[in-house]
Amino acid sequence: MKAFCSRLAMTATAAIMAITASAQKFQQEFGNPRKIFVETVATPNHSDSRYCLGQQATLRIVAREGGVPVEGRKVYYKTGPEMLMPAAYDSTTFVAGEALLTVGTMHEPGFLACEYWFRTAEGKTCRDLVKLAYQPEQIRTFTAMPQDFEKFWQKAVKEARKVPLEPEFWDVPDATNSKVKTQLVRLHVGKDKWLQGYLSQPTDGGKHPVVLCPPGAGSKKITPSDYFPNEGCIYLKIEIHDNDQRLPDAAYEDMRQKKCDGYMSRGMQSPDTYYYKDVYAGCVRAVDFLCSLPGWDGKNVIVTGGSQGGALTIVTAALNEKVTMCAPFYPALCDLTGFLHQRAGGWPKFFSGFYKDGRTTVADDVAVETLKYFDVVNFARLLKVPTFMSWGYNDDTCSPTSVWAAWNEITAPKLCDITPSSGHWRFPSSQEKCLRWMKSLMKAPGQ
């Protein structure tokens with residue numbers, strides 16, 4: 001058996017090497033393509049992708065294959081409220097590389113989606129999704145704030161702060177150099193809650209702002225980053241499940257699947273037992289840890305992250321009085337009951353009926369009562385620090401409807417960076433804009 005496995009591994013390795021060698025040969029012989037072969041651009045009849053209620057929207061699709069306009073080929077499309085589009089579809093035909101799609105209109109604030117697809121000359125399917133905004137500044141959340149919301153979280157944070165952090169450190173030589181020292185750290189952030197993270201600090205001996213980066217959804221390994229340390233900040237990039245980052249990849253994968261599957265709905269029978277309670281309080285404690293480091297400048301505390309990390313960014317900034325600014329990107333966990341009202345809700349898309357991570361383990365009325373204490377829109381209402389938020393319209397993970405529902409609840413000083421064509425990702429320019437904003441607000445020692 002060992003011999004067979006060995007031969008199999010050698011065969012797989014040889015195959016990978018052959019493919020890599022083939023790709024390298026192609027590049028050496030013919031060069032790297034600078035464009036994709038099939039190019040498409042979808043342009044709405046309102047260039048900013050924003051419409052008033054009742055206005056009709058169209059999309060002009062331009063498609064070329066190897067620079068040649070697509071001609072006479074069918075393009076299929078369906079339209080409807082985002083994440084709730086019908087199964088039925090319509091079609092039209094490309095003429096001289098262009099096709100005009102009638103998207104329709106909306107009579108309530110929200111997002112109208114259009115998914116289109118066509119076959120290339122080689123028979124491959126080219127597909128894209130475009131969403132258009134209808135008076136998004138009027139989108140309101142369906143989530144009410146419980147009367148004891150602040151009291152509940154003040155108690156949770158107080159209890160978590162009774163537990164000593166007891167940090168454990170392990171050096172990470174591969175992510176350490178003359179300018180940045182990186183360590184893996186494990187923190188005791190609650191009675192039965194630990195988290196791990198990569199702590200990267202400038203080695204110049206000076207005082208620096210601290211930055212916490214909570215993770216996106218899931219439970220995969222995180223990796224160190226020197227982005228913020230190179231900008232003169234102490235940086236802690238965390239994971240929330242206390243998964244041992246030192247495990248070999250195969251062992252880690254097996255462990256995390258058994259340990260973390262379905263965590264989004266675990267303990268939903270009560271706010272006190274819901275999985276995210278310890279996570280939210282744990283992020284607060286992670287900031288406390290950063291502010292205990294001798295290298296902190298005593299002034300600047302930043303939280304930033306995307307998706308689930310964007311949600312945890314808002315939560316942490318709302319609950320930890322030390323935070324001075326926050327920068328969430330396309331936050332999850334916003335307007336969680338949206339689908340119960342026939343409108344797109346935020347990730348994990350609870351009550352949608354079509355998304356695995358959105359399965360609930362209790363009756364809907366019980367889940368609704370619990371989720372009120374965890375819906376990010378209620379934490380957005382509590383924000384007091386300057387907030388930079390960035391998101392796109394074509395996001396089908398964290399719906400722009402749900403993100404706008406949170407954004408519209410923020411009364412703190414705020415700046416938005418909206419890139420309509422982006423999905424569940426950000427352009428480098430958005431990150432650069434965020435960094436400039438952070439630096440403009442940083443206080444120097446003595447201020």
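The largest pocket has a volume of about 350 Å³. A pocket here is an open set of points on a 1 Å grid over the protein atoms alone, with protein on both sides within 12 Å along at least five of seven lines; the volume is the space filled by probe spheres set on the points, which are joined across faces, edges and corners. The model is predicted: local features need pLDDT of at least 70 and side-chain atom pairs pLDDT 80 or more, while totals for chains, interfaces and linings use all residues. Residues are numbered from 1 along each chain as its sequence is written, and side-chain values use heavy atoms, with hydrogens and water left out.

Select Lys-155, Ala-156, Glu-159, Lys-277 and Asp-278: of the 17 lining residues, these are the closest to the pocket centre. A lining residue has an atom within 4 Å of a point. Helix H2 (149-161), strand S11 (180-190) and helix H4 (275-290) each give two or more residues to this lining, and H2 supplies the largest share, six residues. Helices (H or I, at least four residues) and strands (E, at least two) are DSSP runs numbered from the N terminus. Coloured by class, the lining shows six nonpolar, one polar and ten charged residues; Asp, Glu, Lys and Arg count as charged, Ala, Val, Leu, Ile, Met, Phe, Trp, Tyr, Cys and Pro as nonpolar, and the others, Gly among them, as polar.

Next, display Asp-288 and Arg-285, whose side chains meet in a salt bridge (3.0 Å, N to O). The criterion is a side-chain nitrogen of Lys or Arg within 4 Å of a carboxyl oxygen of Asp or Glu. The two residues are three apart in helix H4 and therefore separated by about one helical turn. The count of salt bridges comes to 26.

Now turn to the open sheet of five strands, in the order S2-S9-S8-S5-S6 with mixed pairing. Strands S2 (50-51) and S6 (90-93) stand at the edges with a single partner strand each, so one side of each lacks a neighbour in the sheet. Two strands pair if DSSP finds at least two bridges between them.

- S2 and S9 (residues 125-134) run parallel, joined by two bridges; Tyr-51 has Tyr-134 as its bridge partner in S9.
- S5 (residues 74-81) and S8 run antiparallel, joined by seven bridges; Pro-81 stands opposite Leu-112 in S8.
- S5 and S6 pair in the antiparallel sense over four bridges; Val-75 has Thr-92 as its bridge partner in S6.

Key: 1 Å grid on protein atoms, 1.4 Å probe; cavity = no way out; pocket = protein on both sides within 12 Å on 5 of 7 lines; lining within 4 Å.
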